[in-house]
Structure formats: C-alpha cells, structure tokens
Amino acid sequence: MGRGKIEIKRIENSSNRQVTYSKRRNGIMKKAKEITILCDAKVSLIIFGSSGKMHEYCSPSTNLVDILDQYQKTSGKKLWDAKHENLSNEIDRIKKENDNMQIELRHLKGEDITSLPYKELMAIEDALENGLTYVRGKQMDVLDKTWKNTKFLEEDYKQLSFILNQQQVAYESAREQMDHGYQRARDYNSQMSSTFQVQPMQPNLQERM
C-alpha cells in the first residue's frame, strides 16, 4: 500500500515542525546540488528558518551576486535602486583604478616591462627622471633648511657666550671691589686701634696734697 497524501498546512507542534523543516531543508539542498551536477545548471538557494537562521547553497561555477544580476537583466525587475547601482559602479571604478596603479607601480620598479612597447618604456623613463629631479629638489630644500638652522644656532651660541662672558667679567670686577673695600676696612680698623690706645691713669690730686 502506498503512503497516504499529507495535507499541506502549518505543523502546530513545534518539535515536529522543526524535525520536518530539517529533513525537507536537507532534501531541497540535495536536489539543488544534484541539478547543478546533472544538468550543468546555475542554482542559488537561500533558506531562512523560523528562528532566523540562514542556510544557503550556490553552484560552484557562479556566485549569488552574478545570479541576481542575471535575474535582474532577464526579468527586467530592479533589485537595486539607483543609489546602490551608483555605489556599485563607483566601487568597480575604484578597483579598476587601483589595479592600474598597481600595474604602473610594478612598471616603475622595473617589473613586467618586457612586453611593453617602446613609447610606454619612454614614458616610464620620463616619469622616473621627473621623480628623481623632484626628489633631488626636495633633498636640496632639506639641506638648505638644515644649513640655515645650523647658522641660526651658531649665532645664538655666540650671543649667549658673549652675554655669559660679560656677566663673568662683571662678577669678577664686583668681587675685586668687594675684596678691596674689605681690605681698606681692615686697615682703617687697625689704624684706629693704634690711635686710641688706653693711657695710664694719673694719681688722684687730693692724695698728692
């Protein structure tokens, strides 16, 4: 006897519903892989469970973005608004510019230039010469600034040395004056001591009488 027909409606029991979801999810994932291999088809499958967890599959020969772009072109439905399209175009432009800059950088380093035509080689040589001239000019600017700063420092050093020398001379002169004044004071005190020596006391006149 064959299996009876199952009524397709929401399973109320949460445990049974989760078990059924897991089995059927695995089954549809298996079918997507089989049709990719058997029929050389491009398949992209995205499943979100009731919990919000995502499961996905995409054929190895493609990716989700390419499939969505192909769907948009084929169906005529706009999946992206103008803002996202402009952003995508800007990203592509920046990537292309970055790739070109990487190639030019390798050429300036002397890499991957064997297949370049003569004109491009001449352009690279001109760019290197201009860059070398610019770098040398910057080096001269740095050396000139360093020389000027050295001169300024030398002038400052000379000025400070002169001021320090003047202060030293003034200090020595003041010290000599102080020493001279101290010596004069000592001589004066010595003279005063000799002048005012104590005289012997005279006998009392009443006693003489």
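Helices (H or I, at least four residues) and strands (E, at least two) are DSSP runs, numbered from the N terminus. In these terms the protein chain holds 5 helices and 2 strands, which follow one another along the sequence in the pattern α-β-β-α-α-α-α. The model is a predicted one, in which local features need pLDDT of at least 70 and side-chain atom pairs count only at pLDDT 80 or more, while totals for chains, interfaces and linings use all residues. Residues are numbered from 1 along each chain as its sequence is written, and side-chain values use heavy atoms, with hydrogens and water left out.

Of the 209 residues in the protein chain, 8% are buried (under 20% relative accessible area, with exposed over 50% and partly exposed in between; 1.4 Å probe, protein chains only). Among contacts (heavy atoms within 4.5 Å) between residues at least 6 apart in sequence, 19% join residues at least 24 apart.

Helix H2 covers residues 64–75, and its end C-alpha atoms are 16 Å apart, which agrees with the 16 Å that its 12 residues should span at 1.5 Å a residue (the expected span being 1.5 Å times one less than the number of residues). The N-terminal end of H2 is capped by Asn63, a side-chain oxygen of which lies 3.2 Å from the backbone nitrogen of Val65, and H2 is followed by Gly76, whose phi is positive, near 80°.

Strand E1 (residues 44–48) contains Ile46, which counts as partly exposed because its relative accessibility is 38%.

Definitions and conventions: A polar contact is a pair of N or O atoms within 3.5 Å; within protein, one must be able to donate a hydrogen and the other to accept it, and residues adjacent in sequence count only if both atoms are side-chain atoms.
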